[in-house]
Number of protein chains: 2
Amino acid sequence: MYRFLSQFLLLFLFCGNITLAQKEDSLVIRKIFTAAISDTTAYHNLRYLCTQIGGRLCGSPQAEKAVQWSKTTLDAMGLDSVWLQECKVRHWVRGNTEGLAAARGASQPVRLHACAIGGSVGTGKSGLNATVVEVKDFEELKTIGRKNIEGKIVFFNHPPDQSHYNTFGSYGELVRYRVFGANYAASYGAIGVVVRSATVAHDDFPHTGILHYADTVKKIPAMALSANDAEKLGRLLKADPRLKVTMKLSSTEYPEATSCNVIGEIRGAVHPERVIVLGGHLDSWDTGQGANDDGTGIMQAIDVLRIFKALDIKPECTIRAVLFMDEEMAQRGAKKYGEFAKAQEELYRSSRASGSANALTAEATQAPRGSHHVAAIETDRGGFTPFGFSIEATDGQIGKIRGWKELLLPYGLYLFEKGGSGVDIRELKSLGVPLLDLVPDSQRYFDFHHSASDIFTNVNPRELQLGSFSIAAMVYLIDKYGL
Amino acid sequence: MYRFLSQFLLLFLFCGNITLAQKEDSLVIRKIFTAAISDTTAYHNLRYLCTQIGGRLCGSPQAEKAVQWSKTTLDAMGLDSVWLQECKVRHWVRGNTEGLAAARGASQPVRLHACAIGGSVGTGKSGLNATVVEVKDFEELKTIGRKNIEGKIVFFNHPPDQSHYNTFGSYGELVRYRVFGANYAASYGAIGVVVRSATVAHDDFPHTGILHYADTVKKIPAMALSANDAEKLGRLLKADPRLKVTMKLSSTEYPEATSCNVIGEIRGAVHPERVIVLGGHLDSWDTGQGANDDGTGIMQAIDVLRIFKALDIKPECTIRAVLFMDEEMAQRGAKKYGEFAKAQEELYRSSRASGSANALTAEATQAPRGSHHVAAIETDRGGFTPFGFSIEATDGQIGKIRGWKELLLPYGLYLFEKGGSGVDIRELKSLGVPLLDLVPDSQRYFDFHHSASDIFTNVNPRELQLGSFSIAAMVYLIDKYGL
């Protein structure tokens, strides 16, 4: 179409009944929007992180480069404070050998697009070679029973149910096979496991992700298979159930390494001890560039600070961006930050209990004793057009956020739903901190998620920057009105 | 992120207060959703149209192939009626020569990414070679004046204003230079015009589109320049204002050709004479594959009929898909359909005036005399995640549509705004027909629009199919409750 429908746009931008009291907020939010959408710093930073550093699994040299790059980037922004928060991380390395092939008798083996599931043990140099038991789910495994599984490779071939509007629904039904498939299969005596990738796409990319080995069963090698090749292997097995599969993995777990959360903040002008924390995770899977998971979240977190600085908005509370380390394997960064927040909260409470309100006010220009988290916002669902927020908070707090809807609707934010939050901020739940997750469009997320297609070129700058806007606007409102 | 937040999804899917009366509708709409999202027929048909037929400007052999393919596809669907509606179309051909280069003195010319604007006259074999007057807008052209423009090439270099949430806002400010730039420049004596592409992307693709020559001024050759090369040419001109540009275009306008709208319908079980029409346009620009503009609209229109057939929903009114020819150049298909609809409406009104209501009821099982359009829905803003509809109708009708919001919100449709409609259905406005435009996410549309990047691989199957769902659900509700 080529004609521009100006009436529509005007109505769209200024719809709703904005009261006079909201007019000032409306203007500030418009400025935040313009500062977010018109500046491509976040996009160009993402290009660097993705193409010059690349996939950055915790414990890897790339993860450490990402830490250094982030620290340098935050240092250059003229923030009030930038620091590293050390944590221990797992150090799992995929290695160079990663192969899966199916062979029918003496014929040429069919190579399949597969990769090690994160945390998998290796196969040893000789690899595994065994017949395959294909199942759709854990129930079917149980029905087939140990005597038909022992010494074989189990193949979980569970296709996605596309009939969820939100693709996290489909993912949620599939991810269990990747996470727990090895345990279940091993408990029936399997020697290896192959899992159809947890994606709604019909693609050739294997999608990796973490697995959890139980202490009670043998750790067996586990591979993720692309959706297209899962269908192919299914067809091959139908034609020849005695088909054998060869699996070779050189993955290894090394001793734990030291890494860091990277933290930058603008100190609150009125209540420096009250903290609004926001962030995504700096680590990523190693198969792609960690663009939508979660390079975009990192860039949005940094961008929120840039926007506040650019507009010279002096927040009442401290605005802190945390670039969490190790979301993908064991959330060690999140745990570390959670411990820190708890200790700070205790200090804050004991300060308040011992001192008077006046004493606290007098301290406001100095470093406060302890700190209190007002809210936490996570961005880890991809850099797509945002729809709103999933909120884990009291009904009263959710109601308050919904009261801001008319201010945000012109920018496509319509969804303010009670719901779960991300794992990086969940550690703060026990402190009673309201938790918010940015909810972007989910349709394309699992096309890229944890695969070699999670690359910079699959990010659109405007969609990315709309995420920066959404978080910045929410931070502005929480800072001004509290929760 | 790797944990699935099931609480969030459930709440998201079942939010809002759905009354008991809406429960049945809610179930049918859920079925329509599943039928739309789980079936990839539309996506695979789009692959064929884009990759086997490709760009299909009206009058071209590809456009005729597209007509035949559509007719065959609709014929195979077991519809009640499929027919072609002839119309005359312009026949403009780009030709093989299309070059734009800038040269500073005797140095090697710099080739620029440019293409003819649709409908442009050619330059003749020797091409144009002239100095350049760069302007930002029409105002600046006026200020510079005829004596500084005569015999030169005018370069409209107007960068996009990114600060619209809806990118149609940015496009609307740019498209005037493409459409009217040649007229303005010629009226000041320019011999050619180069226009920065009407896009919000920073890319190397020239984005074409139609221009309109006025009868009162000389027709001068016109080219669209990629955004990146518009910046480059700007820099070159700054360094050397005497720089010359060479323009070569072999584009030619041939005598008008005959083409067709392609129409398929499911006849109404109760009111066959009442028609709900929906559609997109079959033609496209020739530089890409016409994927998001408007292959996706064509596939959604066909898909709505498929969904009704698959679910065996027998609509009370006739559901008619029109694949309009020639939206991009002169909307000849739309005009033809408009004339047809007007003639049918007259027949319908005179039938009602002459016959009794009973007589009309008795006729309902036979071919009705004349027909009346209940509503028209256009889909021509790209195959991206839909947000709702722009509605050109009475306040009462818009209110009625908004009353269905709770049924559609679980599928991301939140926007039901008074606004303009697309040009293919606008011909029906004078008949008082309520007009609806599907409104998808606009962020990526102008990255692809009218350029070589408007290709199949830039369409996501789920986003495409959400569009099919949105229109099918709206058709279902309009058919059941009227407007």
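Two residues are taken to be in contact if their C-beta atoms, placed from the backbone, lie within 7 Å. By that criterion helix H8 (residues 291–310) of chain A lies across strand S10 (252–266), strand S11 (271–281) and strand S12 (317–324) of chain A, and runs at about 150 degrees to S11(A). Such angles run from 0 to 180 degrees between N-to-C directions, and the axes are lines fitted to C-alpha atoms, for helices over the stretch in contact. Helices (H or I, at least four residues) and strands (E, at least two) are DSSP runs, numbered from the N terminus.

This is a predicted model, in which local features need pLDDT of at least 70 and side-chain atom pairs count only at pLDDT 80 or more, while totals for chains, interfaces and linings use all residues. Residues are numbered from 1 along each chain as its sequence is written, and chains are lettered from A and ligands numbered from 1 in the order in which they are written.

**Domains of chain A**

- The domain assignment of chain A gives domain 1 (16–91 + 256–481) and domain 2 (95–250), with bounds that come from an automatic or database domain assignment.
- The centres of domain 1 and domain 2 of chain A, taken over C-alpha atoms, are separated by 36 Å, and the contact takes 14 residues from domain 1 of chain A and 17 residues from domain 2 of chain A.
- On the side of domain 1 of chain A that touches domain 2 of chain A there are five nonpolar, seven polar and two charged residues, where Ala, Val, Leu, Ile, Met, Phe, Trp, Tyr, Cys and Pro count as nonpolar, Asp, Glu, Lys and Arg as charged, and the others, Gly among them, as polar.

**The sheet from S1 to S15 in chain A**

- Eight strands of chain A form an open sheet with mixed pairing, in the order S1-S10-S12-S11-S13-S16-S14-S15; two strands pair if DSSP finds at least two bridges between them.
- Strand S1 (81–93) and strand S15 (415–418) of chain A are the edge strands, each pairing on one side only, and neighbouring strands of this sheet are turned by 20 degrees against each other on average, direction ignored.
- Strand S14 (residues 386–392) of chain A runs parallel to S15(A) and is joined to it by four bridges, and A:Phe389 stands opposite A:Phe416 in S15(A).

**The sheet from S3 to S4 in chain A**

- Another open sheet of eight strands in chain A, again with mixed pairing, has the order S3-S2-S9-S5-S6-S7-S8-S4.
- Strand S3 (110–111) and strand S4 (114–116) of chain A stand at the edges with a single partner strand each, so one side of each is left without a neighbour in the sheet.
- S4(A) is joined by three bridges to strand S8 (residues 222–225) of chain A, and the two run antiparallel; the bridge partner of A:Ala114 in S8(A) is A:Leu225.
- Helix H6 (residues 167–187) of chain A packs on this sheet, touching S6, strand S7 (192–196) and S8 of chain A, and its direction makes about 150 degrees with that of S7(A).
- Strand S5 (residues 128–135) of chain A runs antiparallel to strand S9 (residues 244–249) of chain A, with four bridges between them, and A:Thr131 stands opposite A:Lys244 in S9(A).
- S5(A) is also joined by four bridges to strand S6 (residues 153–156) of chain A, in this case running parallel, and A:Val135 has A:Phe156 as its bridge partner in S6(A).

**Helix packing in chain B**

- Helix H3 (residues 41–53) and helix H14 (residues 461–481) of chain B pack at an angle of about 115 degrees, with their axes 9 Å apart.
- That makes H3(B) roughly perpendicular to H14(B), given that angles under 35 degrees count as roughly parallel, over 145 as roughly antiparallel, 65 to 115 as roughly perpendicular and the rest as oblique.
- B:Ala42, B:Tyr43 and B:Leu46 in H3(B) meet B:Pro461, B:Leu464, B:Gln465 and B:Ser468 in H14(B), and the residues of this contact divide into five nonpolar, two polar and no charged.
- The axes of helix H2 (residues 23–37) and helix H8 (residues 291–310) of chain B come within 10 Å and cross at roughly 120 degrees, which makes H2(B) oblique to H8(B).
- B:Ile32, B:Ala35 and B:Ala36 in H2(B) meet B:Asp303, B:Ile307 and B:Ala310 in H8(B), a contact with five nonpolar residues, no polar and one charged.

**Backbone features**

- A cis peptide bond with omega of about 5 degrees joins A:Asp293 and A:Asp294, and A:Asp294 has its place in helix H8 of chain A.
- In chain B, a cis peptide bond joins B:Asp293 and B:Asp294, with omega of about 5 degrees.
- B:Gln331, a residue other than glycine, has a positive phi near 55 degrees, and B:Gln331 lies in the loop between strand S12 (317–324) and helix H9 (332–354) of chain B.
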